[in-house]
Amino acid sequence: MVNVQHWDTNDGLNHRNVLLIMQDKKGFIWVYTAAGLSRFDGYNFKWYPQDKDNLPLIQYHEAADNIVEDSAGKIWAISLKNGANVFDPESDKITIYKSRGDGI
């Protein structure tokens, strides 16, 4: 039997429109939504909102093609059309990589 739990904005999820989900090597669940990136630790969500002074290249209303963790523990939201937003959980910083127009 599978135990399924439902979480929504009443539980701290930053938006009801979930675009991508992945689990990192530490066990955190990363949820990419229409309002930004959230990390779920099994009990609480931590929201990493879009910074108005450092607008991500992949706008949150656009779907990224994938969300992955690299070997350094950074979380990549990748769009083959637009580029990538890379979130570093250690520094809480986003780095933006633009696409050349023909993919990354």
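Predicted model: local features only at pLDDT ≥ 70, side-chain atom pairs only at ≥ 80, totals over all residues.
**View 1. Asp92 sits in the loop between S7 and S8.** Strands here are DSSP runs of E, at least two residues long, numbered from the N terminus. Asp92 has a positive phi of about 60°, although it is not a glycine. As a rule, most residues other than glycine have a negative phi. Residues are numbered from 1 along each chain as its sequence is written, and side-chain values use heavy atoms, with hydrogens and water left out.

**View 2. Four strands make an open sheet in the order S5-S6-S7-S8.** The pairing is antiparallel, and two strands count as paired if DSSP finds at least two bridges between them. Strand S5 (66–69) and strand S8 (93–98) are the edges, each pairing on one side only. From one strand to the next, the twist averages 20°; axes are lines fitted to C-alpha atoms, and angles run from 0 to 180 degrees between N-to-C directions. In general, strands of a sheet pair through backbone hydrogen bonds, either parallel or antiparallel.

**View 3. Here is S6 with its partners S5 and S7.** On one side, 4 bridges join S5 to S6, and Asn66 has Ile78 as its bridge partner in S6. The S5 and S6 hairpin has 5 residues between the strands, and its Gly73 takes a positive phi near 85°. S6 (residues 75–79) is also joined by 5 bridges to S7 (residues 83–88), running antiparallel. Ile75 has Phe87 as its bridge partner in S7, and Ser79 stands opposite Gly83. The hairpin of S6 and S7 has 3 residues between the strands.

**View 4. S1 and S2 run antiparallel, joined by 5 bridges.** Across this pair, Ile21 stands opposite Val31 in S2. The hairpin has 5 residues between the strands, with Gly27 at a positive phi near 100°.

**View 5. The largest pocket has a volume of about 180 Å³.** A pocket is an open set of points on a 1 Å grid over the protein atoms alone, where a 1.4 Å probe fits, with protein on both sides within 12 Å along at least five of seven lines; lining residues have an atom within 4 Å of a point. The volume is the space filled by probe spheres set on the points, which are joined across faces, edges and corners. Trp7, Leu13, Val18, Ile21, Ile29, Val31, Phe40 and Phe45 line the largest pocket. Strand S1 (18–23) and strand S2 (29–33) are the elements that give two or more residues to this lining. By class, the lining has 8 nonpolar, no polar and no charged residues; Ala, Val, Leu, Ile, Met, Phe, Trp, Tyr, Cys and Pro count as nonpolar, Asp, Glu, Lys and Arg as charged, and the others, Gly among them, as polar.

**View 6. The whole chain has 0 helices and 8 strands.** Of its 104 residues, 32% count as buried.

Notes. Buried < 20%, exposed > 50% of the residue type's maximum accessible area, 1.4 Å probe, protein only.
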